[in-house]
Amino acid sequence: MDVQKLTELLRATIEPNHEQREAAEEQLAQIHKIIGFVPTILQIVMQNNVDQPVRQAGAIYLKNLITNSWSDCEAKPGEPIPFTIHEQDRAMIRGSIVDAIVHAPDIIKVQLAVCVNHVIRNDFPGRWPQVVDNISIYLQNPDVNGWNGALVTMYQLVKTYEYKRSEERVPLNEAMNLLLPMIYQLMLNLMNDQSEQSILLQKQILKIYYALTQYTLPLDLITKEIFAQWMEICRQIAERPIPDCSHIDDEEKPEFPWWKVKKWALHIIVRMFERYGSPRNVISEKYQKFAEWYLPTFSSGILDVMLKILDQYRNHIYVSPRILTDILAYLKNAVSHAYSWKLIKPHMVAIVQDVLFPIMSFTDADQELWETDPHEYLRLKFDIFEDYATPVPAAQSLLHTVCKKRKGILPKAMNIIMQIITSPNADNKQKDGALHMIGTLADVLLKKRVYRDQVETMLTTYVFPEFQNPAGHMRARACWVLHYFCDIQLKNPQVLAEIMRLNVHALLNDKELPVKVEAAIGLQMFLTSNDDAAPYVESQIKEITKELLTIIRETENEDLTNVMQKIMCTFTTQLLPVAMEICQHLATTFSQVLEADESSDEKAITAMGLLNTIETLLTVMEDHPDVLLNLHPIVINVVGHIFQNNITDFYEETFSLVFDLTSKAISPEMWQMMELIYQVFKKDGVDYFIDIMPALHNYVTVDTPAFLSNPNRLLAMFDMCKTMLTTNPGEDPECHAAKLLEVIILQCKGQIDSVIPMFVELALSRLTREVQSSELRTMCLQVVIAALYYNPQLLLTILEKMSQPNNESISSHFIKQWLHDTDCFLGIHDRKLCVLGLCTLISLGDAKPPVLSEVAGKIMPNLILLFDGLKRAYESRAQEEEEEEDEEDDDDGEEALSSDEDEIDEFASNYLEQIAEISKAKGAEAGFEMKAEIKDDEDSDDEEEESVDDLNETALEGFTTPIDDEEEESAVDEYVTFKEVLSALSTQDQAWYALLTSGLTTEQTKALQEIAITADQRKAAKESKLIEKRGGFAFPQQTVPSSFKFGS
């Protein structure tokens, strides 16, 4: 491979001339498959005499090649075999990539790190065990550049295994047995060198240790002694002073290498504590003993360092935001443990006053952002991804936890807060901090009687006046505080009226966008939690809605779409005249979000929120067909745009909209939409079949005659089901496909004879391949049972044609499998269909398949089993319908812990043992011995699990069929059907009846009698309902005859 020619081609790929670039890229595409090409690219990347931009272009090209073409992959049917780099070239890359990383400048090292990660992911340990030796050699070499390259490679090795389970990490642990002591020794040597180069190497080592331990801690590799050594390193780094960086802007200080290495040390400390070192809260039982050792071993030294850092912050010495966040997170976990709480307690009030309060107060930076870019201010305040970048959420969390969990802290915190908000000298920023703290503690205050009774006065005295504050951020804070107290039980109804008035006024009239947003959220919270709130805003609801639509469009804030949904649900009638305008506004805003130049997670979340809001509008307007008629064209445009442009991110929400558009009636436009859905499915919709299914169910059931009027619709449905049942997409979507076949058969009874053979063959052919779950097996059987119920003679003819000579007939095999799997039919629908199918089967007279005589003794016991399940399922459903949740608020909420108590995690695996330990301890304090044991009753657990599985509706029962409609006069009742079939057999085919019932036990005979009684009761109840529906019993006044004459 000509190095010079390849270098010139790479140079041409970065030329400004478009034609030159394209020609070079085309040439590279033609030669990149030649053996020797990939190692030559790496060779060019490593030549110091080649221009840096060319080397960088080569590195990026190499990265893309390795990422896309390194591993062998099979060709898809009908497609050419994809290109993979030849093993000869791969061996050369493996032999030189670590050397390349060691010697590359940083800008190229980044690209090569991605390459080495991909190679390790695919080839370690099998084809490339030598990477461990490559790293080890450079670590032992005195050359600093060698250390850096080795650490970058080692980081990629560890990252590959970072989130794998313990049993999958064996190759990594074997490598780390050699490498971990080396980097520990290197770290000790580097700790004495405070140069920037040394600090960056220390940071890289800590990142390796974090990736190694943050998801699972390998206790066989990292013994207590080794763990303690690393914890001491982290403690020392956290404690050591930072060189003067006053010349750097505060915004850039977190990137100062000394702050970055400190950040990684604290990341490790926090992670070790929250996952492995917090007794009773560890991620796995295997770390419980480790945690009990961790707490007394490390708490004192670590908390000492953390308190010193907080003391620096108190004294206005800069501390980076990430470090504050980590420290506050550590303290939040530590206050739950008596051991660590005793160390924190003496400092807690000072932390609340001098650390949490300043962090939670409005800052100069906040003010600048508010004034210069209110949209960005809102984005940062509402973006959950920003929570770690600022210590504010961590400060809120610590304040809330310590005031809730520890006795005596809440009164002291409230004392600090009240001193500030009652002080005439407090400025707006301080008042903001105090109100921020009050809102954070809202739920704690409302659970304590001593504060709950004063909250109403506090709101009217200190929060209401802030709505008139000239400072916009204080008006926003007033709205924010109020919504955190939305669960308050107000004694004076005028206070609620004023709360709603203040929020509405702020939303409609305030000039500051963040105030409007907070006011809107406040309205939603009070409308949700207080039934008396709605009348206070009803008269202005149209103005509120229009303003809300405007700020949704301006801010693209997802929380505001939730507000809109709440208003739609609360004021449906009042919004009828403007429903079309609302829908059009939401659709236009959705288009605006899609067309934005920058795509981001926030944009996607906002777009989804808008689609959900449109869906809410359709749902609340479903009882107003005239309004829906106007909304449908607007929504159809949105749906069509998403499907035509294959915007898969929103398919789930869009199919939900299609469901709403087809739930009452199906317009000609929506029948056209079905064609588009079919095209979407064929292109890339296989992964979304479960999301499409509710809409497909509507197309079949809402207007069945229209569905059947065009044969292509039925064939499209069948083709989708066939695709799902022949391409192994996973058993859950396959179950949905089989369910759709069953729905079509039952819905179109007597009208689709020509396709029944295809349906049956598809379901049975799926059963010939491996089936892992009983759900899929029974669902495929149900397709055939539905066909039997549809037309038994037709089914038996189909099965006969499918049978092979000299083999057991398909019908015989199917019936045996069905009876074998009867206990796998769950819920009401599946059992009901099973009963109706068996009733059809035993009623066939002379047309009965011969196998029935062979299995006759199993049929009645299986039917009794099905009826037993049905009885319990109906009872469970009735109970669920009757049950009303009764939530009683405990008067004083949770009791705070005293200083010598630990918090208990109710969800921990050893919860009962924790309770037992505490009970014994308390008993001992009181002077008596607790002998009773608390045990987890495994037997009752199993029973409960079985009954839940047994009784609950299956997930697919929501896709109803004609046999599920119990309200119709023509509804089929399985109990009545069974009794009628059995009665007919007992008189018309006594020999068959005797064969079916002769082997029954006394209990089974009694069960049959109970089923017959239930059948009579259900028949009488249905007749009674029908009479009631027709207007009740009629007793006309007639003259009573004096004598009765029978006959003519």
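Q: The side chains of K832 and E974 meet in a salt bridge; what is the N to O distance?
A: A salt bridge here means a side-chain nitrogen of Lys or Arg within 4 Å of a carboxyl oxygen of Asp or Glu. Residues are numbered from 1 along each chain as its sequence is written, and side-chain values use heavy atoms, with hydrogens and water left out. For K832 and E974, the N to O distance is 3.7 Å.

Q: How many residues apart are K832 and E974?
A: Helices (H or I, at least four residues) and strands (E, at least two) are DSSP runs, numbered from the N terminus. K832 sits in helix α42 (residues 827-842) and E974 in helix α46. The pair links distant parts of the chain, and the separation is 142 residues.

Q: Is E974 buried or exposed?
A: Buried means under 20% relative accessible area, exposed over 50%, and partly exposed in between (1.4 Å probe, protein chains only). E974 has a relative accessible area of 0%, so E974 is buried.

Q: How many disulfides does a search of the whole structure find?
A: A disulfide is a pair of cysteine sulfur atoms within 2.5 Å. The search of the whole structure comes back with a count of 0.

Q: Which cysteine has the sulfur nearest to that of C479?
A: C479 is in no disulfide. At 0% relative accessibility, C479 counts as buried. The nearest cysteine sulfur is 14 Å away and belongs to C486.

Q: What is the phi of R280?
A: Most residues other than glycine have a negative phi. R280, in the loop between α12 (257-277) and α13 (288-314), has a positive one although it isn't a glycine. It is also buried, at 16% relative accessibility. The phi of R280 is near 75°.

Q: How far apart in space are A971 and K1022, C-alpha to C-alpha?
A: A971 is in the loop between α45 (938-951) and α46 (974-988). Leaving out residues up to four places away in sequence, A971 touches D965, E966 and K1022, where contact means heavy atoms within 4.5 Å. Although A971 and K1022 are 51 residues apart in sequence, their C-alpha distance is 9.7 Å.

Q: Which element of the protein chain has the lowest confidence?
A: The chain averages a pLDDT of 89, and 90% of the residues score at least 70. Confidence is highest in helix α11 (residues 224-239), with a mean of 98. Where pLDDT is low, the predicted coordinates should not be read in detail. The lowest mean, 41, belongs to α45.

Conventions
This is a predicted model: local features need pLDDT of at least 70, side-chain atom pairs count only at pLDDT 80 or more; totals for chains, interfaces and linings use all residues. pLDDT is the predictor's confidence in each residue, from 0 to 100.
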